[in-house]
Every structure is written in C-alpha cells, then in structure tokens.
Amino acid sequence: MPPLLTPHELLLKTPEPHSQISVHNLQTTLPLARDAWGRPSKPQPLLISCTLSLRCPFSSTSASDNLTNATIHYGILSKAILEACQEFRELCEDEVMPVPMHIKALVCYLQFYLTGCDTLPRIPSYVALPTNQNSTSASKGGKEGKPREPLVPCSMLNVFSLEVLLPKASLVGSGISLKGDFVYEEGHHGPSAYSMVLKLHELRVSAIIGVNGNERKAKQIVVCSVEMERWDRMVDAYNELEEIVVKSIEESTFQTLEALCTHLAHRIITYFLLPHYPLPSSPLAHSHQLTPSQSHPLPHSHLDTSHHPHQTTQPQIAHPLSQSLTHATWNYQRIRLSLSKPTAVTFADAPSVSTLLDSDPSTSQEVKELWQKREGGRKEEVIVPFPLEGRLDEWIERCEGLGSGE
C-alpha cells in the first residue's frame with residue numbers, strides 16, 4: 001500500500017508539470033455520504049474535478065493537430081468518470097452485500113476505474129477491471145464480456161488529481177470536498193504515494209471577534225475553511241467536524257483571529273481526532289506495528305466509531321510519550337485553518353489569518369500537552385455527540401467535571 005502523505009510532501013516528490021488535461025466541476029447526482037443534517041444515502045449533487053499531469057509532452061498530438069495516444073480526449077475522460085460513478089453506485093447497492101457510499105470510497109474507486117490500479121489492499125492492482133457493457137471503453141473493445149482496458153495507463157502519468165465536492169452537504173458553508181492526489185513513478189505499478197484532504201469550505205458563522213469597541217458590542221461574520229490533511233478515515237465524519245468548528249466559533253469572544261485559530265485547532269485535535277486513537281498497550285495497536293520505513297493507517301473501522309450508535313465501548317486514547325507508537329505507525333491528521341472577517345476592513349475584501357497544526361504529539365509541545373490532558377480525562381465521554389443539543393462549552397464542562405469526580 002502506498003504511503004499517505006501531506007500535499008506538500010507529495011509535491012516534493014513530483015516533477016514540475018508540463019502537460020496537463022483537466023475537467024472541472026463535472027456534475028452528477030448520487031446518494032453519496034451524508035447530507036447537511038447527517039442523514040445517510042440521500043441523493044445530492046456532486047461536482048467532480050480531475051487533472052492528469054502527463055509524464056511525456058503531447059508533442060505528437062499538437063504537431064499533427066489530431067488525437068494520438070500521447071493524450072486523453074477530455075470528452076472521453078468526462079464520460080468515463082460518469083460511467084465510474086454509475087458503476088460505483090451499482091456496486092454499493094449490490095443485493096447480496098450492499099455497502100455505504102462513502103466519499104473516500106468514491107475517490108479511490110474513480111482512481112481505480114480510470115487507471116486500473118488501486119490504493120487499497122482489498123482491491124489488488126492485478127485484478128482485471130469489470131466490464132461495463134454500455135461504457136465507451138467497452139464499446140471500443142469490440143467484444144463483450146472481456147475486461148476493459150483502463151482509460152489512463154499509469155505509465156502515462158506523473159500525477160493524477162481527483163476532487164469530489166458536495167456543494168449541499170454543509171449547513172453554513174459552501175460545501176464539503178475530498179481531494180486525492182496520486183503520484184506515479186516510472187517502473188512502479190500503481191501509485192507510489194498519495195495524499196487525501198478533507199475540506200470544509202467557507203463556513204460562515206456569527207461571533208464576537210475583534211479589539212475595537214464596536215466589535216465587542218455585536219456579532220460579525222467569520223468565514224472559516226478547514227482542511228484535514230492525511231485523511232485516512234473511510235467513514236464520513238464531516239458533519240461532526242463542522243459541528244465542533246461552528247459551535248466553537250459562535251460561543252467564543254476572542255479579540256484576535258490568531259487566538260481563535262489556535263483555539264479551533266486545539267478543539268479539533270482534542271474532541272475530533274484524539275478519541276479515535278487506541279492505547280499503545282492495546283492488542284489493536286500491537287497487531288499493526290510497522291517498521292520505521294513504512295507508513296500505514298490502521299483499518300478504517302478502528303479509526304472511527306461515531307457512526308455506530310449501538311457500540312458501548314469507546315476507543316481509548318494513545319499515550320503520546322510511549323515508545324511503542326511512532327510517527328510511522330499512524331497517519332496523524334494535520335489541520336490547516338483559514339479565518340477571515342469580511343466586514344472588518346471597509347475598503348478590502350477581508351483580513352485573514354491561517355495556521356497549520358499537526359496532531360502528531362512529537363511535533364510540538366502544545367500538541368503533546370493536549371494528548372496528556374485528554375488521557376487523564378473521562379475516556380468514555382470524549383466523543384462529542386452528533387447532533388449536540390445545547391452549547392459545546394457546557395458539554396465540555398460537564399465531561400471535565402465527570403472526569404475529575406465532581
């Protein structure tokens with residue numbers, strides 16, 4: 001399985017692009033993931049963007065002004081993406097073994113459908129692609145019933161980027177997206193590395209924020225975007241993340257955007273990420289130990305239990321100072337936050353700040369302290385309920401009181 005990297009780490013492994021083919025915001029509809037209220041399997045619009053960064057220049061195509069095998073027709077690429085979405089839907093709705101239509105599963109399946117190589121060990125890269133009797137590629141094959149060839153062989157690519165945007169999946173923002181970037185190296189069958197980023201786009205929340213006297217008297221709009229890098233959860237958890245971010249902003253009264261940024265990052269680590277790491281002493285952690293040269297997430301079912309309401313045992317928190325867990329063992333998510341105040345400066349669009357914080361406790365003292373604080377708390381109450389009725393700060397206060405025995 002290829003390593004899961006941050007976008008910056010992946011960029012350092014790739015050459016500068018010289019020939020690219022892109023399709024932006026291809027529209028379709030699927031009962032994918034969850035809607036803005038957290039309801040699963042509700043049909044909603046999707047916008048799919050795809051960029052192919054080719055290994056070789058398409059000089060033969062430009063010289064002859066005709067399509068050659070040095071490029072990919074963007075019309076055929078668009079049709080193949082839509083066919084892949086339909087086939088993904090049929091696979092998930094299988095009568096014998098139906099599976100949830102998660103957004104990450106769709107991104108991974110699109111990459112698999114178009115290139116023939118998968119990032120997940122459950123679909124070996126040598127397995128022939130299924131035949132689609134109505135697909136463009138199948139009709140070109142001339143013979144029905146034979147596995148079709150991938151539209152984009154890995155040997156053609158340096159980088160393959162896929163983004164799925166759900167514009168109606170947020171209650172207060174402009175959408176939720178998951179972007180996967182896949183790197184292919186010469187002589188390597190399939191992706192040699194990839195990145196996965198979950199993003200909450202432009203959440204608009206009212207809050208008391210600012211140092212001026214007028215800003216302390218009335219709420220103003222804060223626009224917040226959140227990116228979760230090294231996203232390795234298969235389940236869809238963006239509703240829970242949005243709830244924590246929105247409630248943390250609207251309940252706050254900071255003077256500076258910088259302080260609010262740090263507060264949000266700490267809230268996300270403490271109440272969204274840390275509850276899903278098991279203790280290093282548990283059999284789960286020891287059964288997935290890796291060598292330092294590897295990077296591998298635990299099975300996704302172990303990383304998130306918030307979607308299993310009947311589960312009675314909550315996950316425990318990993319000890320940040322333990323020698324049995326290393327950075328190579330876990331794909332610690334990295335948080336990128338951007339905040340702006342559109343009305344704060346009259347003759348500018350908006351002042352803004354951004355910050356980047358890794359949830360790996362070895363990267364900073366402040367994150368290490370968050371791990372230590374949560375480990376000493378009441379472990380069975382660490383997961384914020386969704387939907388949460390009432391204020392988040394009051395829920396946190398009650399949990400801390402229970403943890404201290406009050």
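1. Let's start with the charges: Glu9, Arg230 and Asp358 are linked in a network of salt bridges. Keep in mind throughout that this is a predicted model. Overall, the structure holds 10 salt bridges, and a few of the others deserve a look.

2. Take Arg34 and Glu240, whose side chains meet in a salt bridge at 2.6 Å, N to O. Arg34 sits in the loop between β2 and β3 (44-54) while Glu240 belongs to helix α6 (residues 238-250), so this contact ties together parts that are 206 residues apart in sequence. Buried or exposed, Arg34 and Glu240? Both are buried.

3. Lys13 also reaches across the sequence, to Glu185, with the closest N and O atoms 3.6 Å apart. Here the loop between α1 (7-12) and β2 (20-30) supplies Lys13 and the loop between β5 and β6 supplies Glu185, so the pair ties together parts 172 residues apart in sequence. Lys13 counts as partly exposed at 39% relative accessibility, and Glu185 counts as partly exposed too, at 32%.

4. One more salt bridge joins Arg391 and Asp393, with 2.7 Å between the closest N and O atoms. Arg391 has 37% relative accessibility, so it counts as partly exposed; Asp393, at 23%, counts as partly exposed as well.

5. On to the strands. β4 and β5 run antiparallel and are joined by eight bridges; Val159, for instance, has Val183 in β5 as its bridge partner. β5 also pairs with strand β6 (residues 193-207), again in the antiparallel sense, over nine bridges. Within that pairing, Leu178 stands opposite Leu198 in β6.

6. The loop between β4 (157-166) and β5 (175-183) is where you'll find Val172. Val172 has a relative accessible area of 31%, which makes it partly exposed. Together with Trp37 and Leu171, Val172 forms a nonpolar patch on the surface, with about 310 Å² of accessible area in total.

7. As a reminder, an α-helix has 3.6 residues a turn, so residues three or four places apart point the same way.

8. Now the rings. Seven aromatic pairs turn up in a search of the whole structure. In one of them, the rings of Phe88 and Tyr109 have centres 5.8 Å apart and planes at 40°, so the pair is tilted. Phe88 comes from helix α3 and Tyr109 from helix α4 (residues 103-115), so the contact ties together parts 21 residues apart in sequence. Phe88 is buried, with a relative accessible area of 4%, and Tyr109 counts as buried at 8%.

9. Another of the pairs, Tyr332 with Trp371, is edge-to-face, at 5.8 Å centre to centre and 70° between the planes. This pair links distant parts of the chain, 39 residues apart: Tyr332 lies in the loop between α9 (300-303) and β8 (334-340), and Trp371 in helix α10 (residues 365-375). Tyr332 is buried at 4% relative accessible area, and Trp371 counts as buried at 1%.

10. Last, back to Phe88 and Tyr109: ring pairs link these two with Phe112 and Tyr113 into a cluster.

Conventions. Residues are numbered from 1 along each chain as its sequence is written. This is a predicted model: local features need pLDDT of at least 70, side-chain atom pairs count only at pLDDT 80 or more; totals for chains, interfaces and linings use all residues. Side-chain values use heavy atoms; hydrogens and water are left out. Patches are made of residues with over 30% relative accessible area and no salt bridge: like charges are joined within 9 Å, nonpolar side chains (Val, Leu, Ile, Met, Phe, Trp, Tyr) within 5 Å. Accessible areas come from the Shrake-Rupley method with a 1.4 Å probe; for residues, only the protein chains shown count as cover. A salt bridge is a side-chain nitrogen of Lys or Arg within 4 Å of a carboxyl oxygen of Asp or Glu. Helices (H or I, at least four residues) and strands (E, at least two) are DSSP runs, numbered from the N terminus. Buried means under 20% relative accessible area, exposed over 50%, partly exposed in between (1.4 Å probe, protein chains only). Two strands pair if DSSP finds at least two bridges between them. Rings of Phe, Tyr and Trp (its six-membered ring) pair if their centres lie within 6.5 Å; planes under 30 degrees apart count as stacked, over 60 as edge-to-face and the rest as tilted.
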